[in-house]
Amino acid sequence: MNMQTQNQKTKAEPGPVDRMKAQGGSLVQVRNLRKMYGDVAAVDNVSFDAPPNETISLLGPSGCGKTTTLRCLAGLEVPTSGEITIGDTIVYSSEKNIMVEPEKRNIGMVFQSYAIWPHMTVANNVGFPLSIAKVNKSEIRERVRDILELVGLGELGARSASALSGGQQQRVALARALVYTPKVVLFDEPLSNLDANLRERMRAELKVLQERLNFTSIFVTHDQQEALALSNKIVLMKSGLIEQLDSPENVFKAPSTLFSAHFLGYSNTIHGEVASVGTNSDVTVSIDNESDIEATWNGQEPPKNGDRVSIAVRADRVRLRPALASDDAGSFLSGHIEVASFLGTHISYIVNTGSFSFNVDGDQDARFSRGDEVRIELSRADCHAYHADSE
Amino acid sequence: MSTSYAEKRTSVFSGIKRYNGVGVIIIVYAILGLTVVYPLFVMLLRAFTENDQGIGFDKIVEVMFRPEVLDAFKITMITCISAVVIATVTGVSLAWFVARTNMPGKRLFDALNMLPFYLSNVVGALAWQAIASPRTGLLNKLFEPLIGGPILDIYSMEGMIIVFGLFYTPYVYLFTLGSLQSMDPSLEDAARINGAGVLQTAIRITLPLSAPAILSASILVFVTSAGAFGVPLLLGGPGGDKTLSTLIFTYVSSYPADFAGGTILSTFLFIFTAGLTLLQIKLLMGRKFTTITGKGYRPKLIDLGRYKWVAFGFNSLYLFLVIGPFCVLALISIQDAWVGSFQFDRITFEHFYEVVFVDEVARRGLTNSLTIALVGATIAVLFCFSLAVIIHRTNLPGRFGIVALSMLPLTVPGIVLGIGYLIVALKTPLYGTLAIMVIAYVAHFLPTGLRNIESIVISMSKELDECARVCGASWWKAMQKIILPLCIPGMISTWILLFVIFIREVSSSIMLYVHGTETMSVALIRMMESRPLGVSAAFSIVQTVLLLVCAFSVRLLPTSRRD
């Protein structure tokens with residue numbers, strides 16, 4: 001148990017985190033959360049746990065309810081029903097008629113717009129939570145200086161907050177959320193307003209900070225890369241419901257629904273019918289009654305012969321070979337190159353199979369050009385089959 | 001912070017109740033009901049009840065067909081429509097010159113064209129009397145030897161039209177300029193590339209795109225001049241042309257007071273202006289969002305060639321017609337007696353000494369107006385800020401009704417609201433106090449204040465105060481530490497605007513004043529009846545300087561800091 005983090009001024013008395021860990025429990029618990037706007041459920045029956053010092057990502061397209069969920073956690077929205085526990089306090093419960101105001105929840109939050117107060121200096125922005133809590137001035141100064149140092153803004157304390165770049169604003173927002181060492185920090189798409197290079201750097205820094213300061217984070221994002229890189233667990237959401245809740249690796253490698261697969265960058269979908277069901281979730285899918293593809297069944301309901309199914313395949317998980325290649329292993333599709341675009345790290349091809357288009361990321365060594373006849377070799381483990389109407 | 005999660009549990013609804021008590025909403029509605037709705041209601045009620053005998057329409061028919069009413073209606077219509085035409089043509093041209101062309105000196109013109117907006121048109125009317133009163137006017141004296149009579153009699157419809165036109169041009173100018181500056185310049189560039197000339201582009205692309213702004217400004221000018229009181233009183237003259245507003249005043253202030261006539265005419269005027277204002281609001285709503293999508297870059301300026309000096313001349317003439325008479329007034333104020341031309345041996349400052357230190361009415365007007373304006377602007381700004389916060393930073397039930405209710409005075413001409421307040425006040429100890437005037441002013445200009453302050457609050461991201469909440473601040477603390485400081489610059493400029501409006505207010509004051517509570521404008525009107533021109537002129541100059549100081553301090557304000 002790593003309690004000698006900086007600024008930790010409590011003595012050996014076990015805090016909520018210790019108790020949680022001892023019980024093997026979670027720091028944040030969300031149970032059957034529902035938020036209605038009129039007749040529309042923005043968040044519907046959402047439940048998840050966040051163990052101490054882990055990062056949970058709420059991932060999904062815009063309008064999926066991820067931000068509303070986060071705002072319910074912060075107390076900025078009053079849910080319609082459900083229960084939220086932070087630490088050992090129930091902060092919202094429709095059953096027990098509990099609603100704790102945001103200022104009483106002891107959480108940190110980084111907003112999408114950063115919400116830097118333009119009429120204050122950087123130091124006053126960062127020290128605000130402490131001064132509201134009536135911490136004495138010298139301690140505020142000290143802790144603000146420490147945290148600014150930590151986020152790499154050591155020099156900027158006296159600067160007016162309206163004169164900051166986007167990246168600096170982001171760091172100030174982060175420092176302000178962390179300055180009172182909350183156990184839970186909420187992030188509402190904090191990296192979406194930064195340019196690509198800065199985003200990657202901040203992502204790495206965030207990870208380092210989290211390891212140093214030990215806090216539980218709940219992270220809202222629509223960027224799958226961000227969610228994969230930062231989190232211990234991903235809550236993938238769609239129209240207010242949880243679509244999949246799993247580790248990043250599992251979500252990425254075995255999306256449980258066609259929607260998950262698409263959202264995680266499976267850019268190809270092949271439609272067909274189940275020809276035969278094998279053991280261990282193997283299926284053979286017949287495409288237009290012409291070719292058969294061996295696939296792994298990832299769908300919820302077990303497949304039956306004749307079911308309409310969709311197979312999701314990533315563009316970088318197939319092999320592109322000349323049409324005349326002889327060794328006949330596994331399933332494949334034939335077609336010709338329609339478009340070849342050089343993208344630096346790889347070459348992106350669109351292959352026309354006659355009845356549909358297929359995206360392939362090819363490596364630099366074997367180059368094909370427009371019109372070439374090719375075959376796309378598919379491995380069973382990389383073909384994920386679902387019922388066709390499941391999206 | 002090493003405090004652990006405190007066991008502070010509140011119920012789901014106490015969080016809302018604590019800050020957003022329904023009590024607050026009830027108080028707000030009570031205030032608005034009492035100050036905005038009730039006086040109007042009383043006025044309308046009075047119009048429809050004859051001698052307290054229940055609802056009757058005979059009186060209404062009788063009043064509406066009086067010959068002087070029909071005359072006043074005709075005069076009002078002609079005056080207002082002509083004023084709208086002058087203000088629109090001038091305002092649109094000036095805005096186009098400043099925003100789109102290479103007119104010389106346009107930076108200076110841009111600053112000066114808004115000047116009449118801050119000045120009092122009553123003083124403007126007085127200044128024009130000095131220029132064009134039939135016998136002693138400067139202009140008429142100049143032309144008398146040539147044409148053997150006055151070239152322009154300011155005591156006429158033409159006179160009213162000139163003053164209204166000149167002083168309401170800035171309204172159209174401001175609206176049009178805003179629309180031109182927020183317009184995507186590539187729309188006009190595209191027309192040029194497709195072969196349209198400068199004038200064709202202006203008429204077929206620019207003008208139609210600004211049409212909603214221009215039209216709603218025109219309607220605003222119409223409503224304002226139909227409800228205006230000071231100018232027709234001064235220029236219509238005692239026995240001369242009466243507009244609806246001066247006729248209302250004549251009915252109510254005659255002895256015995258004809259409240260039936262006054263309220264019936266007021267109702268008629270109210271229905272008329274309310275209809276037009278609703279039309280204007282409808283027009284504004286349609287283009288609300290198109291003005292905000294302004295591009296940051298400046299459009300390429302149109303080269304007018306040698307016509308740029310025509311534009312320069314036109315703008316100079318406009319400013320000359322506004323500022324010139326004020327200069328003449330200033331000259332008159334430092335002459336011991338005005339003999340139609342400036343005499344160096346007649347220079348004196350005794351009129352200024354008189355109005356500031358001696359004349360009782362003038363001194364009362366000055367102190368009363370300053371008191372009302374200081375107190376009124378402060379109350380209005382604080383009240384409007386509270387309303388804006390309630391509307392946009394709480395989830396109280398019924399908060400959007402506040403907006404509709406607060407905008408009601410927009411449809412009510414000052415003289416109409418004044419009558420309502422007079423009828424209400426007569427039965428209370430408030431009658432004849434400055435307090436009733438403060439309340440009437442604040443109520444009448446609630447829309448102006450609320451719209452200004454609302455736009456500041458709306459422009460601030462909700463995340464700014466939500467973040468403060470998450471950081472541990474209560475709702476009150478978040479408002480106090482975040483929203484209020486960020487609104488201060490906008491509140492100051494709104495305060496100055498309201499101060500200016502209150503300093504020169506005429507229509508409600510003329511209904512509500514008694515001996516002892518004269519405002520500056522009332523004092524000025526009374527002085528013109530009985531004192532030499534020099535004294536009125538000096539008093540006007542004092543008021544004008546006060547207003548100019550306000551106009552310049554608005555320019556000096558830092559642009560408000562917004563997120």
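Trainee: In what order do the 6 strands of the open sheet in chain A run?
Mentor: This is a predicted model, so keep that in mind. The order is S7-S8-S9-S3-S10-S11, and the pairing is mixed.

Trainee: Which strands are at the edges?
Mentor: Strand S7 (107-110) and strand S11 (241-246) of chain A, each of which pairs on one side only. On average, neighbouring strands of this sheet are turned by 15° against each other, direction ignored.

Trainee: How do S7(A) and strand S8 of chain A run, parallel or antiparallel?
Mentor: They run parallel, and 4 bridges join S7(A) to S8, which covers residues 184-188. If you want a spot to look at, find Met109(A), which stands opposite Leu186(A) in S8(A).

Trainee: And what holds strands together in general?
Mentor: Strands of a sheet pair through backbone hydrogen bonds, either parallel or antiparallel.

Trainee: Let's move to strand S5 of chain A. How many of its residues are buried?
Mentor: 5 of the 5, residues 89-93, so S5 is largely enclosed by the rest of the structure.

Trainee: What does S5(A) pair with?
Mentor: Strand S4 (residues 81-86) of chain A pairs with S5(A) in the antiparallel sense over 4 bridges. S5(A) is also joined by 2 bridges to strand S6 (residues 98-99) of chain A, again antiparallel.

Trainee: Which residues in the two hairpins take a positive phi?
Mentor: In the hairpin of S4(A) and S5(A), with 2 residues between the strands, Gly87(A) has a positive phi near 65°. The hairpin of S5(A) and S6(A) has 4 residues between the strands, and there Asn97(A) takes a positive phi near 60°.

Trainee: What does Lys96(A) form a salt bridge with?
Mentor: With Glu83(A), and the closest N and O atoms are 3.6 Å apart. Lys96(A) lies in the loop between S5 and S6 of chain A while Glu83(A) is in strand S4, so the pair ties together parts that are 13 residues apart in sequence.

Trainee: Are those two buried, exposed or partly exposed?
Mentor: Lys96(A) counts as partly exposed at 46% relative accessibility, and Glu83(A) counts as partly exposed at 21%.

Trainee: What about Arg375(A) and Glu377(A)?
Mentor: Their side chains meet in a salt bridge at 3.4 Å, N to O. Arg375(A) is buried, with a relative accessible area of 5%, and Glu377(A) is buried too, at 12%. Salt bridges that share partners join Arg319(A), Arg321(A), Arg375(A) and Glu377(A) into one network.

Trainee: Changing topic: how is chain A divided into domains?
Mentor: Into domain 1 (16-255) and domain 2 (259-390). Their centres, taken over C-alpha atoms, are separated by 39 Å.

Trainee: How many residues are in contact between them?
Mentor: 15 residues of domain 1 are in contact with 11 residues of domain 2. The two domains bury about 1100 Å² between them, 66% of it on carbon and sulfur atoms. Gln224(A), Phe252(A) and Pro255(A) supply 46% of the area that domain 1 buries against domain 2, more than any other three residues. The count of salt bridges between these domains is 0.

Trainee: Where are the domains in chain B?
Mentor: The assignment gives domain 1 (15-56 + 349-563) and domain 2 (64-324). Their C-alpha centres lie 24 Å apart, and 37 residues of domain 1 are in contact with 31 residues of domain 2.

Trainee: What area is buried between those two?
Mentor: About 3100 Å², of which carbon and sulfur atoms give 80%. In domain 1 of chain B, Thr411(B), Ile415(B) and Arg504(B) lose the most area to domain 2, together 17% of what that side buries. Between these domains of chain B, the salt bridge count is 0.

Conventions
Residues are numbered from 1 along each chain as its sequence is written. Chains are lettered from A and ligands numbered from 1 in the order in which they are written. This is a predicted model: local features need pLDDT of at least 70, side-chain atom pairs count only at pLDDT 80 or more; totals for chains, interfaces and linings use all residues. Side-chain values use heavy atoms; hydrogens and water are left out. Two strands pair if DSSP finds at least two bridges between them. Axes are lines fitted to C-alpha atoms, for helices over the stretch in contact, and angles run from 0 to 180 degrees between N-to-C directions. Buried means under 20% relative accessible area, exposed over 50%, partly exposed in between (1.4 Å probe, protein chains only). Domain bounds come from an automatic or database domain assignment. Contact means heavy atoms within 4.5 Å. Buried area is the accessible area (1.4 Å probe) that two parts lose on being put together, summed over both. A salt bridge is a side-chain nitrogen of Lys or Arg within 4 Å of a carboxyl oxygen of Asp or Glu.
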